[in-house]
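Subject: Handing over the two-chain model

Hi,

Here is the structure I promised to pass on to you. Have a look at it first, and then read my notes below.

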Amino acid sequence: MAFMKKILYLLLISFLSEIIFADNVNVYTSRHYDSDDALYEEFTKETGIKVNIISGKGSALLERIKSEGINSPADIFFTVDAGNLWKVQKEGLFQSINSKKVLSSVPAELRGPNDEWTAVAKRARVIFYNPMKIRPSEIQDLTYEDLANEEWRNRIVIRSSSNMYNQSLVASLIANLGEEDTEIWAKGFVKNFARKPQGNDRSQIIAVSNGEADMAIANSYYIGIMLSGSAGKEQEEAAKRVKIHFPNQNDRGVHINISGAGILKSSPNPVNANLFLEFLLSKKVQKHMVDRSYEYPIVEGVLPSSEISSFGLNFKEDNTAVSQFGELNPKAIRLMDRSGWK
Amino acid sequence: MLPFALLIIFCAPIFIVLSSLFGEYSDNWIHLYNYVLADYVSSTFFLISGVSVLVFFIGTITAWIVTNYDFYGKSFFEWSLILPLSIPPYILAYTFTGLFDPFGDANNLIRSIFNLGSDVSIFPNVRNIYGAIVVFSFTLYPYVYLVSRSAFLNQSKSMKESARLLGLSEIGVFFRLSLPIIRPAAIGGMMLVIMETLSDFGAVDHFAIQTFTTGIFRTWQGMYDLQTAMQLASLLLLVVGLFFILERSSRNKAAFTSNDSSFRPENEIRLPSMKSFWAFLICFIPLFIGFILPITELIFWAFESESSFINKKFIQTSFNSVSLAIISGLVTAFLALIINFSIRFKPGAIIKRLSSLLSIGYAVPGLILAVGMVQLFIYIDNNFLDSTRIVLTGSIFGLLLAYIIKTYALANSSIESGYERITSSMDDSSKLLGSTGWGMLARVHLPLLKTSFLTATLLVMSEVVKELPATLILRPFNFETLAVSTYIYAAEERMFQAASPAIAIVLIGLIPIFFLSKMIRSSNKLG
């Protein structure tokens, strides 16, 4: 019977939890990083505001926010792809951020058009290559566009077109080259695949390290996780065998995507939500975050983790407004379908 | 009236998904039709066909062997053959790639034993549709095994003896007599397998296979077109509905139930040593691929992980999973019981159709169904509960509702087949003795359906522990289940950290399966 009592108690708590803790900030997040939990605890320690979390797939969380309407308990939507932020922005669910601290520390191309959201961390989609297979002269000055050339036939691995990072990359190409040229590019690029797209970003890096392919396209932070050893000895060894190339250094720069967050219009605790964003963008927290997630920081004067810094910091970033990725995402996915990118 | 009202509410998320068919059709349909739909349909069809054939043979053959023969390990296999049910398909998929990728643990092991170069891979690539067929078949065949076994146990011995006298070989008896007789039951089990395969996203996504389900998610998440995604899901639902009707009509035509209460217990045939070895091997392979292999890899990963896994959060998470499983198991089984009871006395009524509809809802991809649930819950919240606050969504109660909707098919199939064994003459006798209405349910049906009721509860429990998409989106703040913890790590492919909660899912899944297998053993003594 004690067991049933416990269950009833849990049921009751689930109904009442919002009332008991008056000072809250409710975060809907599609970032599933363990390290974020420590940050939330730190925020509570500093401010006394409790951070309540629901994590899930970005698009599903969006549907929940939309359905909940004005009664939604959500204060913050926190996610890992610019496309997801754009979707919420387009639905008109975000309010503009007016915190001076936030606006002064984040460059305009990493915020929503009307400051609906802000980037919290950055990642670059870079080329990982096997230095035994690719000469420095080949890789130097290499651009994303070059990857459609015949010399790379059967030498490239990349994950499936269902992945949002690939969709954003293609969207950025559409923004810069136009749809027609991007489609010609994609058709050539697909011919250069060493294998049918499969696995996640990390398995692409491993494939290069093992000699299954000569180069892979993947997000920058994966190499940090692998080098840190937290994913096991073998991945650490594999990571040591590959090098990073930042493409398009002579023109627009390497493709950048973001982790970002915004405050919802219906937010019941907007003041706390603002504090939360300012907290995420404070130097101390930025450092703490990128040391564990291996992303690049947004705020100036903060260095990425040592693993990531070792690949160089003075590279040129593509300044294409990340909000365009979301807008062009449906176009990108249809284009990839037409090009036979599985 | 109560069962009817409940069914209407529970079917609402499915109605919401289906209602998309009457909405607008976007231009994305032209794109889908021109470039990808044919691929989605053909790969899904291939996947389903492969899985159906494989589970049918694995399920029926192993069931046949353990019910008819005595061989080394028989009593062990009788219950252990259902163990793979505790492994969610996506976890088997992750362990498969962990083992069989060119630099997976299995390939590394073989290379180090035989001192081979790193360019040699012994095992074939699993990240393709064949790999997916194996993954689904070896985690889901127990559904077919369970029903086939109880059907074989109910087969009369004299029938088989007559067949032998008429010149059929042992194998002939299996293929030409026993198998056709249990076909309806086996197909019922296969329907569950097919529906679960269709609704799965994790495993096919991990293997990067373009199926109908992954297409639904691409359309929703990539093209931002939920409407078209729901229309795709509805089409899937209609096809499953068609299958369902076909299965029903085949079941009606083939009513082979034996009402002969004087049927003689089975004498198992003792196998000679060579045949005993083959029987052992045939039963061992599914158990090995579906359970021993993934569990070994998970334990290996768990040891590689640096963080200790038994901490306060882990215990709380396990408690959440267990209590949700128990409550939803009992509630869903009870619901299926009263609905089937109502159907029994109003045959052909609309309630029967609703019950079938709720069953085929099992085939809707979890996330899509969850969207329907969110819309239903918010509607109830706004109109019936508290129009100024969200109460139902994000509450444990809402989560339980979601589990009932999602797992009703499992409970229903078990209770339904239980009811098929209660003859209408028993109803008449109990009426004569003064038990009518709900009294009959409590005093006559429930005792007779005890086994079916327990099976229903346990099947739902093992499913709830594994359930992910609805839990992710509908759970309260700061509330994790083991499946959620596993997903959070596995989504990042941090398999070492994902291993501990995954093992816990399996261990908890083993509890209901332990009771199921106990029932199997006791039914054997009776049978």
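How many Å separate the centres of domain 1 of chain A and domain 2 of chain A, taken over C-alpha atoms? The separation is 29 Å.

A word on conventions before the rest. This is a predicted model, in which local features need pLDDT of at least 70 and side-chain atom pairs count only at pLDDT 80 or more, while totals for chains, interfaces and linings use all residues. Residues are numbered from 1 along each chain as its sequence is written, and chains are lettered from A and ligands numbered from 1 in the order in which they are written.

**The two domains of chain A**

Domain 1 covers 2–122 + 257–306, and domain 2 covers 123–255 + 316–338; these bounds come from an automatic or database domain assignment. Each of the two gives 18 residues to their contact, where residues are in contact if their C-beta atoms, placed from the backbone, lie within 7 Å. On the domain 1 side, helix H4 (82–90) and strand S8 (256–263) each supply at least two residues, and H4(A) has the largest share, with five. By class, that side holds eight nonpolar, five polar and five charged residues. Here Ala, Val, Leu, Ile, Met, Phe, Trp, Tyr, Cys and Pro count as nonpolar, Asp, Glu, Lys and Arg as charged, and the others, Gly among them, as polar.

**Strand S1 of chain A**

Helices (H or I, at least four residues) and strands (E, at least two) are DSSP runs, numbered from the N terminus. S1(A) spans residues 24–29, and six of its six residues are buried, meaning that 20 or more other C-beta atoms, placed from the backbone, lie within 10 Å of their own. Asn24(A), Asn26(A) and Tyr28(A) lie on one side, with Val25(A), Val27(A) and Thr29(A) on the other.

S1(A) pairs in the parallel sense with S2(A) (residues 50–55) over six bridges; pairing requires at least two DSSP bridges. Val25(A) stands opposite Val51(A) there. Three bridges also join S1(A) to the parallel strand S3(A) (residues 76–79), with Phe78(A) as the bridge partner of Thr29(A).

**Between the chains**

Chain B gives 47 residues to the contact and chain A gives 44. Among the elements of chain B giving two or more residues are H2 (28–68) and H13 (312–345), while H15(B) has the largest share, six residues. The chain B side has 27 nonpolar, 12 polar and eight charged residues.

Best wishes

Key. A residue is buried if 20 or more other C-beta atoms lie within 10 Å of its own, exposed if 12 or fewer, and partly exposed in between; C-beta atoms are placed from the backbone.
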